[in-house]
Amino acid sequence: MSYRGYNIILWITILFNVGIAFGTESGFRATLAPEEIAWLNAHPVIRFSSNPDFTPVEFIDDKGQYTGIAADYLALLSKRLGVTFELVPASDFYVALQLVRELKADFLPVVVKTPQRAEYLNFTDPYLILPSAVITARNDVENWSLDTLSRMKVAVVHGFYTQEWLSHQYPEIELVQTPDIQTALLATSFGVADAMVGTLATTSYFTSKMNITNLRVAFQIQQNSENSMGVRRDWPIFRQLLDKALSSISVEEKQAITRAWIYLEPPPLWKNPKLRLIALSVLAALIGIILAILAWNRTLTRKVRLRTQALEEAHLRLMQSAKLESVGRLAAGVAHEVKNPLAIIQMGVDYLYGEVPKESEACQVIKDMEDAVQRADGVVKGLLNFSREKKLSMRQTDLNDVLRDSLKLVQYELNHHNISVEEKLALELPTINADPDKLKQVFINLFMNAIQAMGREGKLELTSECFRLRKEGDALRLANGKFRPGDRVVVIKVDDNGTGIEPEKVEKVFDPFFTTKPVGQGTGLGLSVSRNIIELHGGAINLRNREGGGASVVLMFKTA
Amino acid sequence: MKKKILVVDDEASLTRLIKANLERTGKYEVMTENHGSKVIETARKFKPDLIFLDVMMPDLGGDEVAAMLEEDPLLSHIKYVFLTAIVRREETEPTGSDIGGHLFLAKPVRTEELIATIEKVLGP
């Protein structure tokens, strides 16, 4: 996929995540009835009061701000309902109750439903379960119950509902009233009181904060643990709204709020919905980035591969020429080392010629030795030829002239073997950039091969022409990939009607040391050297058998 | 009057044989030298008409010897022909090829080629 594709996916994922975040808030408003929405619009600011000192559930911090678990709930509700909540401060919980009763405040965020309070308050469904616990420093807490407390000194915070409830339900318990939770905890910790009763949320908050380590929970009291919001009785719609809003808060959101305040255990980060959203968005972004990197990587890999290929080819070519260079040097060394002994043998042969009578058998022996020397010399010569770095001296050359000159040089052989020559040379042949001497060498080689193939009697046909390469056709195939359709080429053909080449050997004719001649004749280097020369000219050479018998060699060069 | 030929090559077998073959014709007096460094000394003593000089010799190359000959007033008139194992036979005609103004003969040479070269250089 392209860069673009990955980009689009990335953005869609991001927007989707953002959309989810938005949706939760605005989605709630959609569930409200029109009269509810109208009511909210008519009451943009709603007053509430609270217990100033019910840490960590609700309390006023040193900046005068309403803080705590309930405050976090209020913040959520404020967003969902689209209204502002305003605090009407109270010195304690009972004062707060009174304020709502007198309609100086509109609701209480944290209040336990009691029959008495129901006279002036409408309660939402309980949303905050805050169990109380009996806490003690004593060790013998097994099987404790409220009845066990009967003969004990039990500390309670003055004004808390627990106190009211205990004194009614369990009058045998000796209640010790303390002004606040902290004092109750200390009293219990030091053993001044046998136990204390308090909200688990609050007591655990303070034992952590105060580093009190010797207290344990004897048992929990489930009664009176359910807290609701209490709304003034003349605002039924608002109570409805609060219920709806409270039920829209997810379990995870609730747990997150509670855990943030109650240090029972650190909140598992992965449960935090906000964090989840962020994590998802980050993940989506990461995926997008990774995909983009992968795409970029792929194009890079391809580029690197192409570059490596090119480098490898260049390296190979370098190695080839280095090899050739060392072969060249080797060849020179070999040549020297072989030619000296050959020179000695040749001289020896010359000497022995003088020692034996002519026509004797010994003389024949010596002749054979001389032939052998010449053969060996030929091979060394061919080797030098093959490996020698060819330095061409190029100039604009008319190949017709070169052909004719070469023919002259083999005239004796042509006559000797009774070979007729048919020249089909183009009247006007464009010149090509070439080394005429080297090309002469090639033509002579081709002519000699043809003569040898034809033996006694035969016809040598020479053709020269110039044309543009067509897309299909014979000529293009013969170009060996060196030329393209549309290129203007000069083509030379040397055809004989000799024995031709065995089909399976046609491929090999240009290989060094390949020869079809009988042993002792020829080194097999002629055609390979010829091909080298043609290739140095940037041209192509091919050999094929002709239909009527014999061989055809085709040379192709590019011209302007 | 026999012509005096000095044959210089590090291969003793070769020089021995060339000497035998040339002297057999009765036309030449031949001396051999196998050390490039001794050529000047030998040439001064022998006073040859022609020197055959091998190019690749271990102690002193033929071209260096040639340079020394040319600088020596007593020896600079002497004609010399290089013998080489490197140059291709085809590049040298049977009577020596003129490469860079000097005559080269390619090994392996035939005796008749040596003789033909001597006659070309010194006259018949």
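Predicted model: local features only at pLDDT ≥ 70, side-chain atom pairs only at ≥ 80, totals over all residues.
Me: Why is H16(A) called largely enclosed by the rest of the structure?
Reply: A residue counts as buried if 20 or more other C-beta atoms lie within 10 Å of its own, and eight of the 11 residues of H16(A) are buried, so the helix is largely enclosed. The buried residues are Gly526(A), Leu527(A), Val529(A), Ser530(A), Arg531(A), Asn532(A), Ile533(A) and Ile534(A).

Me: Which residues make the contact of H14(A) with H16(A), and how do the two axes cross?
Reply: The axes of helix H14 (residues 436-454) and helix H16 (residues 526-536), both of chain A, come within 9 Å and cross at roughly 145 degrees, and the crossing is left-handed. From H14(A) the contact takes Lys438(A), Gln441(A), Val442(A), Asn445(A), Leu446(A) and Asn449(A), while H16(A) supplies Gly526(A), Leu527(A), Ser530(A), Ile533(A) and Ile534(A). These residues divide into five nonpolar, five polar and one charged.

Me: Why are E16 and E20 of chain A said to stand at the edges?
Reply: The open sheet of chain A has five strands in the order E16-E18-E19-E21-E20, with mixed pairing. Strand E16 (419-425) and strand E20 (540-545) each have a single partner strand, so one side of each is left without a neighbour in the sheet. From one strand to the next, the twist averages 15 degrees.

Me: How do you know that E18(A) and E19(A) are paired?
Reply: Pairing requires at least two bridges between two strands, and eight bridges join strand E18 (residues 458-468) to strand E19 (residues 488-495) of chain A, so the pair meets that definition. The two strands run antiparallel, and Thr463(A) has Lys493(A) of E19(A) as its bridge partner.

Me: Which strands do H12(A) and H14(A) touch where they pack on the sheet?
Reply: Helix H12 (residues 399-409) of chain A touches E16, E18 and E19 of chain A, and its direction makes about 170 degrees with that of E18(A). H14(A) touches E16, E18, E19 and strand E21 (551-558) of chain A, with its direction at about 140 degrees to that of E18(A).

Technical notes: Residues numbered from 1 in each chain as written. Chains lettered and ligands numbered in written order. Axes fitted to C-alpha atoms, helices over the stretch in contact; angles between N-to-C directions. Helix = DSSP H or I, 4+ residues; strand = E, 2+ residues; numbered from the N terminus. Left-handed = near helix turned anticlockwise from the far one by under 90°. Contact = placed C-beta atoms within 7 Å. Nonpolar A, V, L, I, M, F, W, Y, C, P; charged D, E, K, R; others polar. Buried ≥ 20, exposed ≤ 12 C-beta atoms within 10 Å, placed from the backbone.
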